[in-house]
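Please open the structure in your viewer and keep the sequence beside it.

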Amino acid sequence: MSKTVKTIGVIAAIMIVAVVAFFLFRSTPDKAVTGAVASSDAASSPDTGGGPESAVAESPGGGEDQISVDPNGRRIITPAAGNPKPLTKKPVESKNRCDISPELTIQTMGENAEAEIMWSKTAGPSKYNGVIPTGYSADATGAALAAWNYRTLFYGGGKFTDTVVRNYVEFGPEQKEKAKTEDFSSYVPYQAGFGTLAPVAARIITCKPDFMVVEHAHKIISDGEKFYAEDDPHYDIHRFTMKLSKDGEWIFYMPGMVQAIAILHSLDGGWTMWQY
């Protein structure tokens, strides 16, 4: 087994301690990674187009952005070059900080523009740390966006994984010891997790000044053999625990992350639909 595959196996073990691996993906998982990570992966769905990834902070301009539509019917923007430009440079905390502000844009990242990243004109992300969009508002919307975006970019491999883990993830005691010895920059992308479609809704379970528990509802469009009917929707629910650091950045608390805690067929009871 190669060094790279071993490395992915270790990060998979770290993740499995904290989560139940269950995703809907847009691209076919790397076989070496699939065996280590996701025995319960759901079906894949079509990719949405291409666009080069860059280590620069944001798109340098030039050319026209690509506009496409994902399998859930949302508008997707793929930058003409480089990484997406933030929609705000100064996130604003909402007066009703425990409510979700739903207006968003999806802009893609990754070598093949496979990662759907969520962007807000008010809640961020507002800047970059290397290749990672960061700088979110200190409210429920900022916590929700940080949670999903960090989760997606965590699977991007290389600088994506390394920057997220080193700066925006808090592991439990056992996981922390394993993480100290890892060279995260050598990880290859786990395309199944990196290419997950953006969620359709969110709700806040716990809202404190420096602590949020947020759930995202992610629409499953197929069981791998057939597409679900419009009158029989399937949503898998992902729960994230987020802590606000002294520097005002949301930190992804890994032991509190639970993916696919339930499958719902309707989104009643506190859910806010994202508006893309």
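Begin by selecting R203, which is partly exposed with a relative accessible area of 22%, where buried means under 20% relative accessible area, exposed over 50% and partly exposed in between, with a 1.4 Å probe and protein chains only. Before going further, note that this is a predicted model, in which local features need pLDDT of at least 70 and side-chain atom pairs count only at pLDDT 80 or more, while totals for chains, interfaces and linings use all residues. Residues are numbered from 1 along each chain as its sequence is written, and side-chain values use heavy atoms, with hydrogens and water left out.

R203 belongs to strand β8, residues 201–208; helices (H or I, at least four residues) and strands (E, at least two) are DSSP runs, numbered from the N terminus. Leaving aside residues up to four places away in sequence, R203 touches V213, V214, E215, D268, G269, G270 and W271, contact meaning heavy atoms within 4.5 Å. The side chain of R203 makes a polar contact of 2.8 Å with the side chain of E215, and a polar atom of the R203 side chain lies 3.1 Å from the backbone oxygen of G269. (A polar contact is a pair of N or O atoms within 3.5 Å; within protein, one must be able to donate a hydrogen and the other to accept it, and residues adjacent in sequence count only if both atoms are side-chain atoms.) Although R203 and E215 are 12 residues apart along the chain, their C-alpha atoms are separated by 5.4 Å.

R239 lies in strand β10 (residues 234–244) and E215 in strand β9 (residues 211–220), so the pair ties together parts that are 24 residues apart in sequence. E215 is buried, at 1% relative accessibility, whereas R239 is partly exposed, with a relative accessible area of 30%.

A search of the whole structure finds nine salt bridges, and another to select is that between R97 and E93, at 3.0 Å from N to O. Here R97 is buried, with a relative accessible area of 17%, while E93 counts as partly exposed at 42%. Then move to D70 and R74, whose closest N and O atoms are 2.9 Å apart in a salt bridge; both residues are buried.

Now turn to the strands β1, β2, β3 and β4, which form an open sheet in that order with mixed pairing, two strands being paired if DSSP finds at least two bridges between them. The edge strands, each pairing on one side only, are β1 (66–69) and β4 (115–119). Select β3, residues 105–109, together with β4 to see an antiparallel pairing over five bridges, in which I106 stands opposite M118 of β4.

Because 15 of the 15 residues of α3 are buried, the helix is largely enclosed by the rest of the structure.

How values were computed. A salt bridge is a side-chain nitrogen of Lys or Arg within 4 Å of a carboxyl oxygen of Asp or Glu.
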